[in-house]
Amino acid sequence: MAVNVINAETLAKMFLAGAKNLESKKEYINELNVFPVPDGDTGTNMTLTIMAAAKELSSLDDKNMKAVCKTISSGSLRGARGNSGVILSQLIRGFTKVASEADELDVSLLATAIESSVETAYKAVMKPKEGTILTVAAGAGKKARELADAGVCDIDAFMKEVIEHADYVLSTTPDLLPVLKQAGVVDSGGQGLMEVLKGAYDAFTGKVTDFSLKSSGGSAKKTSAAGMENLSTSDIKFGYCTEFIILLSKTFNIKHELDFKEYLESIGDSIVVVADDEIVKVHVHTNDPGLAIQRALKYGQLSNLKIDNMRLEHNEMVIKSEEEVQDAPKTDEPRKEYGFIAVSVGEGINDIFKSLGVDYIIQGGQTMNPSTEDMLNAIDHVNADNIFILPNNKNIVMAANQARDLTTDKKIIVIPTKTIPQGITAVINFMADIAPDENEEQMGSEVGNVKTGQVTYAVRDTEIDNKKIAQGDYMGIGDKGILSVGKEMKEVTLEMIAEMVDDENDELISIYYGEDISEDEASALSEEIETKYPDLDVELQYGGQPIYYYIISVE
């Protein structure tokens with residue numbers, strides 16, 4: 001018998017199944033990344049984004065349509081990582097905007113929701129590029145509207161045709177992006193979206209019935225289950241698993257949410273806070289549940305209160321490892337006019353940013369894109385009226401912009417730096433005696449004068465920019481593509497620099513050597529560069545970055 005509606009419980013199962021299917025295909029999607037560098041992360045970013053929402057959804061007790069939609073929208077928004085993750089979060093946001101207004105979804109509403117998801121995602125991207133996840137989503141939206149207008153009512157038939165058409169659109173992405181055709185792959189983000197849709201369809205048809213979430217492939221380190229029988233109660237840092245729902249009677253915006261989370265972090269761990277317009281779902285492991293309850297009562301009444309003594313039950317263990325955290329701003333110090341946040345990776349590069357006055361370093365980069373929530377937490381830690389964010393990677397700019405748009409109590413200015421040298425140049429050109437908007441213009445202008453090259457190695461055979469690349473080759477990657485390829489690192493690096501230098505206009509070459517390069521090796525390269533370019537200043541600094549042997553700028 002044809003099924004003509006999807007209720008909240010079914011939608012929740014479909015979302016969880018879609019998330020799990022994406023996670024299971026994560027590495028395959030990573031391998032579709034066009035550049036053969038060891039940083040393919042589309043699958044990882046999309047998985048971390050959707051799993052942030054899936055985990056919150058799995059702990060939601062009252063699965064009505066509005067609550068389900070709010071949970072998956074807010075969870076994916078805060079968990080969004082990388083461009084692919086941010087776009088996925090916007091697709092989810094647009095869909096739930098329509099779905100949340102109904103108790104059940106028929107074909108007509110589903111088509112409208114899919115169209116809304118496409119519209120929302122396109123608006124979030126400053127310069128949408130066809131041949132990407134956006135193209136696949138748009139294809140799904142077009143087919144959904146066509147079927148709805150044709151009078152299709154059976155959701156099974158509707159979903160099957162939408163997915164088949166979206167799959168076809170995905171197969172055409174190499175025709176829209178030559179770089180995909182040259183590499184012989186389809187768009188990785190579009191493939192990720194298809195895995196979500198196919199997983200959701202399998203849940204709808206009953207092919208998938210297990211909706212439990214296992215530990216995902218995130219970056220957080222977890223205690224191994226092996227040897228759990230040897231765990232003593234002294235190993236449990238916080239003894240009470242505390243859960244409750246706040247029935248809001250006061251305003252609870254993103255600022256209140258971050259403040260509340262920060263307080264919970266000061267008294268416990270394993271924290272989940274999921275908020276919508278009327279309720280807040282809270283989970284925390286703490287040694288004093290009363291403190292969490294007292295703070296929660298400031299926002300409204302409590303319900304569904306549950307406290308388990310984990311030491312007595314001895315059936316749970318603390319899985320959250322200690323992470324390097326930075327001190328919150330001292331509340332007794334006056335608020336500054338300006339503050340800086342930089343995304344950075346590598347001990348040496350971190351030290352450079354700190355020496356230039358950056359207040360907060362977010363650990364991350366090409367292989368570890370910070371989430372929107374990471375950005376929001378950093379903003380909350382910087383006690384300043386005007387905060388400049390330096391993403392230092394093109395795949396992090398969208399998450400920074402999303403955090404900016406969610407912040408109401410501080411002026412956030414995102415300087416769209418795409419490389420570490422651009423971020424360093426931006427900070428150097430900041431002037432404290434001019435207005436924030438003038439600084440934004442000046443810093444952005446100077447960033448445009450920086451050319452960046454990065455030396456790494458290939459993880460697979462391919463051909464890009466008319467250059468044949470073999471697995472294990474060294475590659476010099478510039479701002480707009482691959483500049484050099486070869487078997488010898490030094491030759492590849494020198495050739496890359498030669499492609500970057502314009503003798504008439506350039507003045508400075510800056511070299512940041514990575515964790516796999518010795519100081520002697522870097523110094524020898526620097527001396528050779530000085531000899532080759534006697535009219536340019538050459539600066540050598542320890543970066544300590546992984547993946548990239550050298551990061552080199554010319555300006």
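Student: Hi! How many helices and strands are in the chain?

Tutor: Hello! In this predicted model, the chain has 21 helices and 18 strands.

Student: And what share of the residues counts as buried?

Tutor: Of the 555 residues in the chain, 54% count as buried. On contacts, take those between residues at least 6 apart in sequence: 72% of them join residues at least 24 apart.

Student: Let's talk sheets. What is the strand order in the open sheet of four strands?

Tutor: The order is E8-E7-E9-E10, and the pairing is parallel. E8 and strand E10 (411–414) are the edge strands, each pairing on one side only. On average, neighbouring strands of this sheet are turned by 20° against each other, direction ignored.

Student: Which helix packs on that sheet, touching E7, E8, E9 and E10?

Tutor: That's helix H16, residues 372–381. The direction of H16 makes about 165° with that of E8.

Student: Okay, zoom in on strand E7. Is it largely enclosed or largely open?

Tutor: Strand E7 (residues 336–344) is largely enclosed by the rest of the structure, because seven of its nine residues are buried. Buried here means under 20% relative accessible area.

Student: How many bridges join E7 to strand E9?

Tutor: Six bridges join E7 to E9 (residues 384–390), and the two run parallel. For a pair to look at, Phe340 has Phe388 in E9 as its bridge partner.

Student: What about E7 and strand E8, how many bridges there?

Tutor: Four bridges join E7 to E8 (residues 360–363), again a parallel pair. Ala342 has Ile361 as its bridge partner in E8. Between E7 and E8 the chain crosses through helix H15 (residues 347–355), and this β-α-β crossover is right-handed.

Student: And E9 with E10, parallel or antiparallel?

Tutor: E9 and E10 run parallel, joined by four bridges. Asn386 stands opposite Lys411 in E10.

Student: Why does Leu356 count as partly exposed?

Tutor: Leu356 counts as partly exposed because its relative accessibility is 33%. That class lies between the buried limit of 20% and the exposed limit of 50%.

Student: What does Leu356 touch, leaving out residues up to four places away in sequence?

Tutor: Leu356 touches Ile424, Val427 and Ile428. C-alpha to C-alpha, Leu356 and Ile428 are 7.1 Å apart in space, although 72 residues separate them in sequence.

Student: Now a contrast, please. Is Thr242 buried or exposed?

Tutor: Thr242 is buried, since its relative accessible area is 0%. You'll find Thr242 in strand E3, residues 240–248. Not counting residues up to four places away in sequence, Thr242 touches Val282, His283, Val284, Thr286, Pro289, Lys306 and Ile307.

Student: Changing topic: how do helices H1 and H3 pack, at what angle?

Tutor: Helix H1 (residues 8–24) and helix H3 (residues 42–58) pack at an angle of about 145°, with their axes 9 Å apart. H1 passes H3 in a left-handed crossing.

Student: Which residues meet there?

Tutor: From H1 they include Phe15, Leu16, Lys20 and Glu23, and from H3 they include Met46, Thr47, Ile50 and Leu57. By type, the residues of this contact divide into 11 nonpolar, one polar and two charged.

Student: Last topic. What is the strand order in the open sheet of six strands?

Tutor: The order is E15-E14-E11-E18-E16-E17, with mixed pairing. The edge strands are E15 (481–486) and E17 (537–542), each pairing on one side only. The twist averages 20° from one strand to the next.

How values were computed: Residues numbered from 1 in each chain as written. Predicted model: local features only at pLDDT ≥ 70, side-chain atom pairs only at ≥ 80, totals over all residues. Heavy atoms only, no water. Buried < 20%, exposed > 50% of the residue type's maximum accessible area, 1.4 Å probe, protein only. Pairing = 2+ DSSP bridges. Right-handed = clockwise from strand over helix to strand, strands pointing away. Axes fitted to C-alpha atoms, helices over the stretch in contact; angles between N-to-C directions. Left-handed = near helix turned anticlockwise from the far one by under 90°. Contact = heavy atoms within 4.5 Å. Nonpolar A, V, L, I, M, F, W, Y, C, P; charged D, E, K, R; others polar.
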